[in-house]
Amino acid sequence: MSSEEFEKLHEVYKSLYDELKLMPDRASRCHGEEKKRLVRDFDERFGEAEEVLQGMDKELLSAPPAFRNPMSTKLRLYRRDLGKLQRDMKSSDLGLGFAGRGADSRHSVYGSQNEHSTQMQSQRALLLQGTESLNNATQSIERSQRIAAETDHIGRDIIEELGEQREQLDRTRDRLVHTGENLSRSRKILRSMSRRLVTNKLLLSVIILMELAILGAVVYLKFFRK
């Protein structure tokens, strides 16, 4: 059972059913006013049992899905048993009859009552089915809304993350641009230094040649020319 209220209603129904199931047999052995009184008692108890089952139907609507199917099966069995008791009571009424009844009254009050009860049960079953379908649709919509909210939240997180990654890429690109500029300046400096080095080597070579020439001239003038 899914709730304390359902337990209480179940106990009340069992008590009423135990009392009702004895009445058809007693009615088959009664006559006259005693049988009429027994029929009225059966009507009252039957109506009470129907009200209890309606209360159990309401509890069924709010029951957890894990308990709903077994509870629904149990309620169908209870209604089937009540219908059988009502047919048995009607059979006992038709079999013996009441004193002073005409041929048309042989069908008794149970004919219309049984038809009305059957219609009420069908309407309740349709209402229960429609309510359950509505609940399922509502739950499906709620699940869809939760999924949409989660998807929206995930989407916002992804957009924020992509924005952060874009900023990081922009900063990386800026650093690469600066690095490229620095490399260009470095290459220009290196080329300038290389040109200066070559120029210095040429100047040094010219100076050395001039010194060698001067030295050669001095040696010649001093030792070979007299």
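In this predicted model, the largest nonpolar core has 25 residues. Those with the most contacts inside this core are Tyr-13, Leu-20, Phe-42, Leu-53, Met-56, Leu-82 and Met-89. The most comes from H3, with nine residues. In soluble globular proteins, nonpolar side chains tend to be buried together.

Leu-53 is one of the core residues with the most contacts. Leaving aside residues up to four places away in sequence, Leu-53 touches Tyr-13, Leu-75, Tyr-78, Arg-79 and Leu-82. Two of these names, Tyr-13 and Tyr-78, return in the aromatic cluster described below.

Helix H1 was examined next. H1 has 17 residues. From its first C-alpha to its last, H1 reaches 24 Å, close to the 24 Å expected at 1.5 Å a residue. Its buried residues are Phe-6, Leu-9, His-10, Tyr-13, Leu-16, Tyr-17 and Leu-20. These residues cover an arc of only 130° around the axis, so they lie on the same side of H1. Glu-4 and Glu-11 are on the other side of H1, and they are exposed. An α-helix has 3.6 residues a turn, so residues three or four places apart point the same way.

Aromatic rings were then considered. A pair of rings is described by the distance of the centres and the angle of the planes. Centres must lie within 6.5 Å for rings to pair. By this rule the count comes to three aromatic pairs. One of them joins Tyr-13 and Tyr-17. Their ring centres are 5.9 Å apart and their planes are at 25°. Planes under 30 degrees apart count as stacked, so the Tyr-13 and Tyr-17 pair is stacked.

Tyr-13 and Tyr-17 are four residues apart in helix H1 (residues 4-20), so about one helical turn separates them. The cut-off for buried is under 20% relative accessible area. Tyr-13 has 1% relative accessibility and therefore counts as buried. Tyr-17, at 17%, is also buried. Ring pairs link Tyr-13, Tyr-17 and Tyr-78 into a cluster.

A further segment carries an annotation. An unreviewed UniProt entry places the feature "transmembrane region" at residues 202-221. Over residues 202-221 the chain is 100% helix and 0% strand. The end C-alpha atoms of this segment are 28 Å apart.

Conventions
Residues numbered from 1 in each chain as written. Predicted model: local features only at pLDDT ≥ 70, side-chain atom pairs only at ≥ 80, totals over all residues. Heavy atoms only, no water. UniProt positions renumbered as here; feature names shortened; annotations may be inferred. Helix = DSSP H or I, 4+ residues; strand = E, 2+ residues; numbered from the N terminus. Phe/Tyr/Trp six-rings, centres within 6.5 Å; stacked < 30°, edge-to-face > 60°. Buried < 20%, exposed > 50% of the residue type's maximum accessible area, 1.4 Å probe, protein only. Expected span 1.5 Å × (residues − 1). Arc of directions from axis to C-beta. Core = buried A, V, L, I, M, F, W, Y, C linked by side-chain atoms within 4.5 Å. Contact = heavy atoms within 4.5 Å.
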